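Subject: Structure handover

Hi there,

Here is the structure I promised you.

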Amino acid sequence: MTTGRTVLVTGGNRGIGFSIAEEFIRQGHRVAVTARSGEGPAGSWTVRADVTDAASIDAAFTEIEAALGPVEVVVANAGITRDMLLMRMSEDDFTSVIDTNLSGAFRVVKRASKGMLKARFGRIVLISSVVGLYGSAGQVNYSASKSGLIGLARSVTRELGARGITANVVAPGFIETDMTAKLSETQQADYKRSIPAGRFATPGEVARVVTWLAGDDAAYISGAVIPVDGGLGMGH
Ligand code: NDP
């Protein structure tokens, strides 16, 4: 893609977000990451921000705009799980996951859209999950938050599509990060048996799809859900 864009990745201090930030840097962009702790990859600009707090997101954007220029590409990646069977899931288990994964993306996209509308250019990528459409026992909260991102991206596409802004969803399957390291060896083996590719993916395999979606070759793709799941969710 055109090099030298200003990119923001939320949750860029580890896992998939870190890898996405690395890939944008490798391709020659100015990259900022938000992190509650730790740092983004070498060459990135790290700002402290919590996606559950609109004021903290606003302050992060203001700092990034001053340092790197208006944000042209935003990747809403920050996310949490709080798995529990429905009958035992508390109100807080549900709302905290929605507040981070779905409302957090809303706050970030809303703030990013200001500059994108002015520039009449923007690339929005939301990191969902295969379970957003496939469903997952024990993840009513997480799955609902991840399918909500699809409605968000598609509505943004309808609202802002004529202003040079695209909004897409990437739906990873099982990726080797802290999130999946929590699974027991038996669970990991069971999941691998159900994935047509027979393996988990590396964060880089997600990152390269995200950078492609943000690039010039994907300019006419908007409101799409791109699976990166080794075939796990196909048909959904
Ligand atoms: P990790 O658990 O490794 O990292 C999560 C990231 O989100 C961290 O950077 C974390 O920051 C950040 N984060 C969490 N809560 C907040 C918050 N309130 N404000 C700001 N940042 C926050 O996750 P992954 O890298 O595995 O996942 C990244 C995204 O990909 C998530 O949205 C996840 O749902 C999605 N995904 C992951 C899959 C997988 O198999 N790993 C599969 C499908 C989707 P901190 O370090 O400060 O906590």
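What is the volume of the largest pocket? The largest pocket comes to about 1,200 Å³. A pocket here is an open set of points on a 1 Å grid over the protein atoms alone, with protein on both sides within 12 Å along at least five of seven lines, and lining residues have an atom within 4 Å of a point. Points are joined across faces, edges and corners, and a volume is the space filled by probe spheres set on the points.

Before going on: this is a predicted model, in which local features need pLDDT of at least 70 and side-chain atom pairs count only at pLDDT 80 or more, while totals for chains, interfaces and linings use all residues. Residues are numbered from 1 along each chain as its sequence is written, and side-chain values use heavy atoms, leaving out hydrogens and water.

Of its 47 lining residues, Gly79, Ile80, Thr81, Tyr142 and Met179 are the closest to the centre. The lining has 19 nonpolar, 21 polar and 7 charged residues (nonpolar: Ala, Val, Leu, Ile, Met, Phe, Trp, Tyr, Cys and Pro; charged: Asp, Glu, Lys and Arg; polar: the others, Gly among them).

There is also 1 cavity of 30 Å³ or more in the whole structure, a cavity being a set of points where a 1.4 Å probe fits but cannot get out.

Now the fold. Helices (H or I, at least four residues) and strands (E, at least two) are DSSP runs, numbered from the N terminus. An open sheet of 7 strands runs in the order β3-β2-β1-β4-β5-β6-β7, with parallel pairing (two strands pair if DSSP finds at least two bridges between them). Its edge strands, β3 (45-48) and β7 (225-228), each pair on one side only. Strands β1 and β4 are joined over 3 bridges, and Leu8 has Val74 as its bridge partner in β4.

Arg120 sits in the loop between α3 and β5. Most residues other than glycine have a negative phi.

Best wishes
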